[in-house]
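Biologist: Could you take me through this one, starting with the terms you rely on?

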Amino acid sequence: MADLSFYVSPLSEEIREEGRAEARAENILIVLGARRIDVAHAIREKITTCRDPELLRGWLLRSAVVATAEEIFGEDAPSEQ
């Protein structure tokens, strides 16, 4: 029988979390692109290098309603309700 302990290990969870972060970052860029909002290189890099899933979740929610890509980071961005 195969050893499946890896799949419940901390390393496995870390790998899954990184995959979730990458997916959220990609989703942010997809939403901004679909809304035809320009994303400067520095902003794209800030989004794609972030590994905080909750921060990315907030940015994803904001990306649906902001007028510029910069606004997803600002305090004056629409609230995430």
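Modeller: Contact here means heavy atoms within 4.5 Å. This is a predicted model, in which local features need pLDDT of at least 70 and side-chain atom pairs count only at pLDDT 80 or more, while totals for chains, interfaces and linings use all residues. Residues are numbered from 1 along each chain as its sequence is written, and side-chain values use heavy atoms, with hydrogens and water left out.

Biologist: Which residues is Leu 56 in contact with, leaving aside neighbours within four places in sequence?

Modeller: Leu 56 touches Ala 21, Arg 24, Ala 25, Ile 28, Ile 47 and Cys 50.

Biologist: And what is the secondary structure?

Modeller: The chain has three helices and zero strands, where helices (H or I, at least four residues) and strands (E, at least two) are DSSP runs numbered from the N terminus.

Biologist: How many residues are in the largest nonpolar core?

Modeller: That core has 15 residues, and Ile 28, Leu 32, Ile 47, Leu 56 and Trp 59 have the most contacts inside it. Such a core is a set of buried (under 20% relative accessible area, 1.4 Å probe, protein chains only) Ala, Val, Leu, Ile, Met, Phe, Trp, Tyr and Cys residues joined through side-chain atoms within 4.5 Å.

Biologist: Which elements give two or more residues to this core?

Modeller: They are helix 1 (10-34), helix 2 (41-49) and helix 3 (53-63), and helix 1 gives the most, with five residues.

Biologist: Changing topic, what box do the C-alpha atoms fill?

Modeller: Along the principal axes, the box is roughly 55 × 25 × 20 Å. Buried residues make up 26% of the 81 residues in the chain.

Technical notes: Buried < 20%, exposed > 50% of the residue type's maximum accessible area, 1.4 Å probe, protein only.
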